[in-house]
Amino acid sequence: SLQKDRMLNLLGVMTRAASSVKVDGGHDKCFGHLHIVFRDWAFDGDAAAVKRQLLEPETAGAEEDADRRNEVRRILRGAFESIHVWLLPPPVERTRDLQKVLKESMLSDEFKDAVAGLKGVLSTQLASPRPWGGRPVTGPVLAKLVPLVSEALNRNELILPKSAYEAMVRAEAEQLARTTEGRLDELCAALLAGGGGRGPPPAKRSRWDR
């Protein structure tokens, strides 16, 4: 059976991040699309049933901690544009084959179809960059934003996407300035070393000079 308590506890980490991000005007979701992937799925039920069990609200008080789980569900639904659940079957039929280096020819058709479906949805969602602070988030931008956002979350600060983007631009400009200053220092040192640290050579005297 699905261990919904364990799964919602893991997803609960995202609720802390979601509660710390204040979206800009015109955007009601602070994150993009959430994909929950179960590997080697061998239980009963399809993806729709698992999603209902995991994300649909429970009757308050029906079980211990139901209210806490419902709060996690509420924040997740409000934070992400969409939530998908994927059930990937074991890639091969024989368990002992999992210890081998798997080639594509060894994979089951069911596994390859499930992966193709996941890739298709991801490709559609990633066709255009998601904006952050009014600017598109590309790979290089994401690599610089993640440390800034992580540090802010660890300090329990409220994250403003526009401010975080501006902080990244400032840090990038400061780094560029330091790099440029270092390069200029190297060029000046090379020029001085080439001249031996002396001033310009004296002018030659003609035979008419006395």
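A residue counts as buried under 20% relative accessible area, as exposed over 50%, and as partly exposed in between (1.4 Å probe, protein chains only). By that rule R183, at 48% relative accessibility, is partly exposed. This is a predicted model, in which local features need pLDDT of at least 70 and side-chain atom pairs count only at pLDDT 80 or more, while totals for chains, interfaces and linings use all residues. Residues are numbered from 1 along each chain as its sequence is written, and side-chain values use heavy atoms, with hydrogens and water left out.

**Salt bridges**

- Side chains of opposite charge can pair when their charged atoms come close.
- A salt bridge here is a side-chain nitrogen of Lys or Arg within 4 Å of a carboxyl oxygen of Asp or Glu, and the count by this rule is five.
- One of them joins R183 to E186, with the closest N and O atoms 3.3 Å apart.
- R183 and E186 both belong to helix 6 (residues 161-194) and sit three residues apart, about one turn of the helix.
- Helices (H or I, at least four residues) and strands (E, at least two) are DSSP runs, numbered from the N terminus.

**The network around E58**

- E58, R69 and R73 are linked in a network of salt bridges.
- Between E58 and R69, the closest N and O atoms are 2.6 Å apart.
- E58 lies in the loop between helix 2 and helix 3 and R69 lies in helix 3, so this pair ties together parts that are 11 residues apart in sequence.
- Between E58 and R73, the closest N and O atoms are 2.8 Å apart.
- R73 is also in helix 3, so its pairing with the loop residue E58 ties together parts that are 15 residues apart in sequence.
- E58 is buried, at 16% relative accessible area; R69 is buried at 1%, and R73 is buried at 0%.

**Nonpolar core**

- A nonpolar core is a set of buried Ala, Val, Leu, Ile, Met, Phe, Trp, Tyr and Cys residues joined through side-chain atoms within 4.5 Å.
- The largest one has 19 residues, and those with the most contacts inside it are L11, I36, F38, L54, L76, F80 and I83.
- Two or more residues each come from helix 1 (4-19), strand 1 (31-38), helix 2 (47-55), helix 3 (66-79) and strand 2.

**Surface patch**

- Patches are made of residues with over 30% relative accessible area and no salt bridge; like charges are joined within 9 Å, and nonpolar side chains (Val, Leu, Ile, Met, Phe, Trp, Tyr) within 5 Å.
- L98, L102 and M106 make a nonpolar surface patch of about 200 Å², with accessible areas from the Shrake-Rupley method (1.4 Å probe; for residues, only the protein chains shown count as cover).
- M106 is partly exposed, at 31% relative accessible area, and lies in the loop between strand 2 (80-87) and helix 4 (109-125).
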